[in-house]
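Please look over the sequence and structure before reading the points below.

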Amino acid sequence: MAGDERRDEDEEVELASFDFVHEAELARGFLEDAGIPAGVVADPAGQIQFGRGFSSRPRLLVRREDLEEARSLLRELGSLEGGDARAEDSSSEVLKASPFRPDLLEGRVALVTGGGTGIGRGISLWLAAHGADLILASRNRDHLEPAAEEIRALGRTALVRPVDVRDPERVHEVVREAADELGGLHIVVNNAAGNFLARAEELSVGGWRAVVEIVLDGTFHVCRAAFEPLRDSGGGAVVNITTTYVETGAAFMSHSGAAKAGVLNLTRSLAAEWGPHGIRVNAVAPGLVEGTEGARRLVESVGRLSEFEASVPLGRLARPADVAGAVLFLASPAGAHISGAHLVVDGGESVGGKFSLPEAD
Ligand code: NAP
């Protein structure tokens, strides 16, 4: 029996699977540095073939006896599926994961509302990693400082500005002063939002107002305050973060859906109005983004995460880096002739990911 146990201990088991071979190799190197032998198994071309089965996703294997220790080490690296600090989102890894030139936004100044947490943090890091200096704005300084530190570690400037986007005077003051301090303003990302699940018939007037005021009024206040600095900096780009259900509506999110639909219309109106001033205005609609407050509050809290993930044709939830890449594209010269667009980043979920024939599984 002892011999059998020994063989079990030596057996290789799967620790984690990844979308890309370089992610799996990064994790393997990290484990081996810590003295844990590990191997990566991938298809011969080293590519994933996205599909519903994921049979060819690169897998990281370790000896069963090392499994627990490897798991906790990998958690530190932030590489396990579902972690909220994935390797490609950390400041040191952004450029490795990015297909864009590192100097793409050199000399640009960007304002990101809600830029200290979740998707906003991912966007801020990506903009900074490609050369931009940042103004991070939200209510809570403690949410902003850690992201600002990550940005400074990249050698960029990061100003932290506590502001409630519902307060137009404070927004105006913050946007104008920060733009003056950094010598202009070129990119604005309206990412701040609030949301929660509520039956419409039970939603309080205060709850409705809070969401609409943060999402729709807040986006308008920031856009209005940013207009002159953007125009006077020679033009610029606004990217508003919406959501996939602006087009469809969504049960229990009437407040958020209505407010975000308003943001989409505002995006298009401003694109029409501000184009002659050289200001492009676009929107990015993320699907469900893993490891974020939104995913926790709206889907994980009601136990529907795996069901939702299974409905995404590309086979996984979005990540902050996916959304950040879309924002970077629209904000950069790559998007120079794009204005009024609504770019969906959801792995195909909103165009029919909910149904598949059995043989497609
Ligand atoms: P999050 O981490 O909760 O981000 C929301 C941010 O908004 C926080 O940093 C918060 O910072 C800031 N904020 C909230 N109220 C504010 C106010 N009154 N004034 C200024 N800042 C305020 O959530 P997230 O999930 O990353 O979502 C980010 C954006 O993506 C939102 O626009 C959301 O609607 C959109 N989105 C998310 C998902 C998803 O799956 N997570 C999907 C589609 C769209 P403070 O607390 O410091 O104010």
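Start with Arg297: it counts as partly exposed because it has 14 C-beta neighbours inside 10 Å. On this scale, a residue is buried if 20 or more other C-beta atoms lie within 10 Å of its own, exposed if 12 or fewer, and partly exposed in between, with C-beta atoms placed from the backbone. The model is predicted, so local features need pLDDT of at least 70 and side-chain atom pairs count only at pLDDT 80 or more, while totals for chains, interfaces and linings use all residues. Residue numbers start from 1 along each chain as its sequence is written.

**Overall make-up**

- The chain holds 12 helices and 10 strands. Helices (H or I, at least four residues) and strands (E, at least two) are DSSP runs, numbered from the N terminus.
- Of the 361 residues of the chain, 43% count as buried.
- Among contacts in the chain with a separation of 6 or more, 73% link residues 24 or more positions apart. Two residues are in contact if their C-beta atoms, placed from the backbone, lie within 7 Å.

**Around Arg297**

- Arg297 sits in helix H10, which spans residues 293-298.
- Leaving out residues up to four places away in sequence, Arg297 touches Asn195 and Phe196.
- Leu197 is 100 residues from Arg297 in sequence, yet the two are 7.8 Å apart in space, C-alpha to C-alpha.

**The parallel sheet**

- An open sheet of 7 strands runs in the order S6-S5-S4-S7-S8-S9-S10, with parallel pairing. Two strands pair if DSSP finds at least two bridges between them.
- Its edge strands are S6 (158-162) and S10 (342-345), and each pairs on one side only.
- The twist averages 20° from one strand to the next. Axes are lines fitted to C-alpha atoms, for helices over the stretch in contact, and angles run from 0 to 180 degrees between N-to-C directions.
- Strand S4 (residues 109-113) is largely enclosed by the rest of the structure, because 5 of its 5 residues are buried.
- Both faces of S4 are covered: one side has Val109, Leu111 and Thr113, the other has Ala110 and Val112, and all are buried.
- S4 and strand S5 (residues 133-138) run parallel and are joined by 5 bridges. Val109 has Asp133 as its bridge partner in S5.
- S5 and S6 also run parallel, joined by 5 bridges. Ser138 has Pro162 as its bridge partner in S6.

**Helices across the parallel sheet**

- H9 lies across S8, strand S9 (279-286) and S10, at about 160° to S9.
- Helix H12 (residues 320-331) lies across strand S7 (187-190), S8, S9 and S10, at about 165° to S9.

**The antiparallel sheet**

- An open sheet of 3 strands has the order S1-S3-S2 and antiparallel pairing.
- Strand S1 (12-17) and strand S2 (38-41) are the edges, each pairing on one side only.
- Here the twist averages 35° from one strand to the next.
- S1 pairs with strand S3 (residues 59-63) in the antiparallel sense over 5 bridges. Ser17 has Arg59 as its bridge partner in S3.

**Nonpolar cores**

- In soluble globular proteins, nonpolar side chains tend to be buried together.
- The largest nonpolar core has 80 residues, and those with the most contacts inside it are Leu111, Leu127, Leu134, Leu136, Ala226 and Val327. Such a core is a set of buried Ala, Val, Leu, Ile, Met, Phe, Trp, Tyr and Cys residues joined through C-beta atoms within 7 Å.
- H8 gives this core its largest share, 9 residues.
- Leu111 touches Ile135, Ala137, Val175, Ala178, Leu185, Val188 and Ala226, not counting residues up to four places away in sequence.
- Another core, of 11 residues, lies apart, with Leu15, Ala38, Leu60 and Ala70 among them.

**The ligand shell**

- There are 31 residues around the ligand, of which Gly114, Gly118, Arg139, Ala193 and Gly294 come nearest. A residue is near a molecule or strand if its C-beta atom, placed from the backbone, lies within 6 Å of it.
- Helix H5 (118-129), helix H8 (205-232) and H10 each supply at least two residues of the shell.
- The shell divides into 11 nonpolar, 16 polar and 4 charged residues. Ala, Val, Leu, Ile, Met, Phe, Trp, Tyr, Cys and Pro count as nonpolar, Asp, Glu, Lys and Arg as charged, and the others, Gly among them, as polar.
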